[in-house]
Amino acid sequence: MKKSCVLVSSSTSFFFFFFFFFFFFLGLTSLVSSQTDSCNSNFDLGSLVSFNTSTLRCSLVWTSEDYILRYARSGPNLWDFVLSAPDPKSYVAIGFSSDGSMVGSSAMVGWIGRDGTPVIKQYHLGGTKESLVRPDQGNLPLINSTAMIVSRASRLFLAFQLNTAQPSSRIIYSVGPSNLVPLSNSLLFEHRDKVSTTLDYSTGQSSADGGYSTLRRGHGVTAMLGWGILMPIGASIARYFRHWDPAWFYSHSSVQGLGFIFGLTAVILGFSLEDKISTSVDTHKALGISILALGCLQVLAILMRPDKASKVRKYWNWYHYIVGRVLIAFAIANVFYGISLADDRSGTWNAAYGIVLAIWVLVSIVLEIRMWKKD
């Protein structure tokens, strides 16, 4: 019996260590394969491109997307470029701009088609509308025979040469929506993210002019928290806890005031975001401004609140309730609309906000039933 226990214990230890090292090996392999390119690695595309890539200067130009740019001046008026980026199963792009704006710039865009065909071409970004993004146009002095895209180790490499004495130092990078490969050589989806940078060609130092991922997230979170969560909670406090006087009033005012501050911050960030991304969001902006105006009306209503004994207090209550409910309806709709504009294809933000709303609705129903029973 003792011997069998020893055997069982030994076999258990064996399988434990076997699976431990197996999964450790898988994790290590995954880690190594995910870091297939860096400025410290020996890089050479060899015969895959038409110019020498082994002596290019290297710079990590977009940390969050792991974009690496290699370049070199190989002649008096000849510059070599290779952009390395993780393959998003969509397009990757590098644009050269005179002022750091996407509109008016020219870009090299590349992707691997669904049939495995590599596509790379120059685009002129004449505006934010799809019709103004024109393929096979632009002011880049491109040497066409050198432009190519290579797929290797789950990364895309855009290689091209420019015939110029000095390329623009204002460079824009963008990435298309994940797993959405353009269906034709001319059709491009809206970008999932982009960053505008300044590159010092002599030192290789690259600095971001204004990536908007953090700004977009800040705008979304503050709008959702302020207009979409705190405002409904504040309204519920006013409706269901009036028997806790005067605590309900101070709680209601505090929550609504905090919600207004977050909402105002969201509007300010939204205007800043619109300037950076140069994208038309007229409906979302109009709803946001309307919500802010309704919020300002509520603040004024609090400041001009008549005494309880006043004859006009009843009409003031009607006004306050109606404006507040319209504000909340607009806010909830605009939060969901804003999430759709942010291209939340994973559904994470929609699900998270939907769960919060569902909890608020269920709690409100319970409190409403309790109030009816008490009445």
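Buried means under 20% relative accessible area, exposed over 50%, and partly exposed in between (1.4 Å probe, protein chains only).

1. **Ground rules.** This is a predicted model: local features need pLDDT of at least 70, side-chain atom pairs count only at pLDDT 80 or more, and totals for chains, interfaces and linings use all residues. Residues are numbered from 1 along each chain as its sequence is written, and side-chain values use heavy atoms, leaving out hydrogens and water.

2. **The disulfide.** A search of the whole structure turns up 1 disulfide (a pair of cysteine sulfur atoms within 2.5 Å). Cys 39 and Cys 58 form this link, with 2.0 Å from S to S. The pair links distant parts of the chain, 19 residues apart: Cys 39 is in the loop between helix H1 (2-34) and strand E1 (57-62), and Cys 58 is in strand E1. Helices (H or I, at least four residues) and strands (E, at least two) are DSSP runs, numbered from the N terminus. The link is left-handed, with -75 degrees about the S-S bond. Cys 58 is partly exposed, at 23% relative accessibility.

3. **Asp 37 and its partners.** The structure has 7 salt bridges (a side-chain nitrogen of Lys or Arg within 4 Å of a carboxyl oxygen of Asp or Glu). One of them joins Asp 37 to Arg 70, with the closest N and O atoms 2.8 Å apart. Asp 37 lies in the loop between H1 and E1 and Arg 70 in strand E2 (residues 67-75), so the bridge ties together parts 33 residues apart in sequence. Asp 37 also meets Arg 155 in a salt bridge, at 4.0 Å from N to O. Arg 155 is in strand E9 (residues 155-162), so this pair ties together parts 118 residues apart in sequence. Asp 37 is buried, at 6%. Arg 70 is buried too, at 3%. Asp 37, Asp 66, Arg 70 and Arg 155 are linked in a network of salt bridges.

4. **Arg 192 and Glu 65.** These two form a salt bridge, with the closest N and O atoms 3.2 Å apart. Arg 192 is in the loop between strand E10 (170-175) and strand E11 (193-199), and Glu 65 is in the loop between E1 and E2, 127 residues apart. Arg 192 is partly exposed, at 24%. Glu 65 is buried, at 16%.

5. **Asn 334.** This residue is in helix H5 (residues 313-341). Asn 334 counts as buried, at 7% relative accessibility.
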